[in-house]
Amino acid sequence: MPSQTSGSYSAVGSVSQTSGGASAIPDLLKIGALPSNTAIEVETSILEPVTHSDTHCKFVLQNKGILHSHSKLEFEYKCPRGGAGAPDGSMLPVGVGIHSLIQRATLRVGAKTICEVDDYNQMSCFHSQFLSPETQLEREQYMGGRKANSLGFNYTNQTIDAAPEYAFGSDAQSNTDAKDLMLDNGIEQDLGGATDPGVLRADVRTHPQEMLSRVSGDGAAAEVLTVRQDLAPKWQIAISDLFPFLKTNQLPIYMFKEAINLELVFSKSGSQSGTVSERSVATADPLACEVLTSATRLVADYLYYPQEMMTSFAAANRSMSFQYVDYRLSKFSVSQASLAETDIRNVGGAGRIVSKVIFGLQDTTRAVPTIPQGQYLAQAPGRTYAGAGSGATDVNGQATFNLKYNEQFLFPIDVSNSARHYHNVVQAQGQVPFTTREVYSNEGVSLSKLTFHDFGDNFQADFKGSQFWQALRLNRGERVNSRGIELYFKMEAMPDHGFVQRCWLETLRVAELKDGILECYYA
């Protein structure tokens with residue numbers, strides 16, 4: 001048997017010294033005891049904002065442990081008024097929930113901007129489509145008030161009758177005919193009753209969906225509604241939703257020598273005098289939707305491994321590199337006339353590595369508080385359905401898109417097929433949007449025509465063609481030249497309204513942490 005050479009060795013991963021000289025064999029292959037305590041301790045800190053108003057807030061993180069990317073920001077709205085004038089039907093915008101509050105989110109280390117997303121509330125409308133219906137129904141509507149515009153549809157029955165099969169306790173067979181799709185929020189549909197079979201409503205004002213909570217008081221002739229602040233719900237946003245950097249990285253902030261700041265700029269709060277709120281929707285008067293500053297906080301989770309392990313990790317990784325994506329916004333106003341012809345717009349990206357382009361068209365005339373989605377929409381081309389969706393005369397307008405960069409088009413011919421547009425979204429995101437054909441491209445007749453509670457219109461009119469978001473993957477892996485990226489677009493049968501086209505470029509960035517100082521740059 002060959003004899004073993006004696007020598008000393010230290011912690012896992014270091015290089016040991018033997019009598020034969022330096023060895024490249026790591027300690028994991030040596031015979032002997034190895035440290036095995038990898039228990040994780042989690043410490044939760046409740047951080048108050050260092051500055052806060054109704055337009056912005058700022059948090060400064062404590063430089064300790066490893067920041068968990070699912071730490072939560074918590075917000076609450078002020079109840080605007082009480083008594084008989086309390087607003088009826090107030091709620092967060094369907095599809096974005098409390099995310100409608102955030103207009104811009106910025107992550108800074110020292111004076112350096114690591115990650116920043118403009119019009120985050122609009123972009124969250126796009127990303128909400130990729131959450132599963134189960135997640136929306138069972139978690140998101142309670143945590144963030146978010147029921148995506150097209151998720152969790154529930155089959156509804158438009159037939160109401162006073163016949164025995166509809167009476168409670170009847171032994172007659174129930175009518176199970178489901179004719180169309182409706183938004184599912186986990187409660188039974190309010191069908192109005194047999195005495196008024198024409199009133200069909202889908203009630204979405206459950207407590208998890210409400211922005212304001214109400215309790216009943218004593219009234220002589222009618223019920224008096226009183227708004228109570230202590231019953232108002234609190235909503236949460238995960239910091240990884242706000243900052244793409246944290247989607248793929250957890251910050252070892254105990255290794256940072258600079259302060260880490262989270263800065264948020266809020267959307268428009270609206271007013272009772274008529275200014276439209278970007279934070280809420282209401283069935284009646286415009287609503288002043290102000291943030292309750294005393295309730296805003298950051299619930300930060302810090303992870304701790306055994307001290308010797310964290311010390312060893314910091315010593316072995318004095319220089320670390322992170323790759324992540326960041327989004328650059330380009331926003332442009334367009335008219336019906338310009339959309340009718342092929343338009344070319346430079347959306348930027350010169351000198352950058354761009355992996356994806358996300359864009360959508362917002363109809364500014366639909367940005368009113370009486371639409372359940374508020375202004376969080378991506379308009380699809382119009383349609384003419386003389387045959388009620390089943391005749392040869394039914395026509396949908398076409399949307400035609402293409403991209404040009406580095407003197408080449410992304411597609412050899414312009415894409416105008418709505419099914420191919422949907423396919424491009426799937427390829428760009430790597431996920432299938434949980435949406436329906438009518439909601440996405442305004443094609444077909446599948447949505448319910450029931451009244452969407454008290455919002456003055458039916459469900460189909462509010463939701464059809466409202467989520468025509470586009471995403472294109474740049475598949476050549478090239479750096480964009482000095483000319484930038486050109487978006488070619490044409491949309492037919494659009495209403496004579498004003499539109500805003502938003503386009504986000506997904507760019508690749510690199511952050512390097514050296515001896516506690518973080519530097520970042522575009523790849």
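Analyst: Buried means under 20% relative accessible area, exposed means over 50%, and partly exposed covers what lies in between. This is a predicted model, and I'm happy to apply those terms to it.

User: Thanks! Why does glutamate 263 count as partly exposed?

Analyst: Its relative accessibility is 22%. Buried needs under 20% and exposed over 50%, so glutamate 263, at 22%, falls in between and counts as partly exposed.

User: How do you know that arginine 108 forms a salt bridge with glutamate 263?

Analyst: The closest N and O atoms of the two residues are 2.5 Å apart. A salt bridge needs a side-chain nitrogen of Lys or Arg within 4 Å of a carboxyl oxygen of Asp or Glu, so arginine 108 and glutamate 263 qualify at 2.5 Å. This pair links distant parts of the chain: arginine 108 sits in strand 9 (residues 102–109) and glutamate 263 in strand 16 (residues 260–266), 155 residues apart. The whole structure holds 24 salt bridges.

User: What makes glutamate 140 and arginine 139 a salt bridge, and is glutamate 140 buried or exposed?

Analyst: Their side chains meet at 3.2 Å, N to O, and the limit is 4 Å, so the pair passes. Glutamate 140 has a relative accessible area of 3%, which is under 20%, so it is buried. Arginine 139, at 44%, is partly exposed.

User: Why is the pair of tyrosine 422 and tyrosine 440 called edge-to-face?

Analyst: A pair of aromatic rings is described by the distance of the centres and the angle of the planes. The structure holds eleven aromatic pairs. In this one, the ring centres of tyrosine 422 and tyrosine 440 are 5.4 Å apart and the planes stand at 80 degrees. Tyrosine 422 is in helix 7 (residues 418–429) and tyrosine 440 in helix 8 (residues 437–441), so the pair ties together parts 18 residues apart in sequence. Tyrosine 422 is partly exposed at 23%, whereas tyrosine 440 is buried at 5%.

User: And what makes the pair of tryptophan 469 and tryptophan 504 tilted?

Analyst: Their centres are 6.2 Å apart, with 45 degrees between the planes. Stacked needs under 30 degrees and edge-to-face over 60, so 45 degrees makes the pair tilted. Tryptophan 469 lies in the loop between helix 9 (459–463) and strand 25 (470–473), and tryptophan 504 in strand 27 (residues 498–514), so the pair ties together parts 35 residues apart in sequence. Tryptophan 469 is buried at 2%, and tryptophan 504 is buried at 1%.

User: How do you know that the side chain of glutamine 336 reaches the backbone oxygen of methionine 494?

Analyst: The distance is 2.6 Å, and a polar contact needs N or O atoms within 3.5 Å. Glutamine 336 lies in helix 6 (residues 336–340) and also touches Pro495, Asp496, His497 and Phe499, among others. Glutamine 336 and phenylalanine 499 are 163 residues apart in sequence, yet 7.9 Å apart in space, C-alpha to C-alpha.

Key. Residues are numbered from 1 along each chain as its sequence is written. This is a predicted model: local features need pLDDT of at least 70, side-chain atom pairs count only at pLDDT 80 or more; totals for chains, interfaces and linings use all residues. Side-chain values use heavy atoms; hydrogens and water are left out. Helices (H or I, at least four residues) and strands (E, at least two) are DSSP runs, numbered from the N terminus. Contact means heavy atoms within 4.5 Å. A polar contact is a pair of N or O atoms within 3.5 Å; within protein, one must be able to donate a hydrogen and the other to accept it, and residues adjacent in sequence count only if both atoms are side-chain atoms. Rings of Phe, Tyr and Trp (its six-membered ring) pair if their centres lie within 6.5 Å; planes under 30 degrees apart count as stacked, over 60 as edge-to-face and the rest as tilted. Buried means under 20% relative accessible area, exposed over 50%, partly exposed in between (1.4 Å probe, protein chains only). Lists of a residue's contacts leave out its neighbours within four places in sequence.
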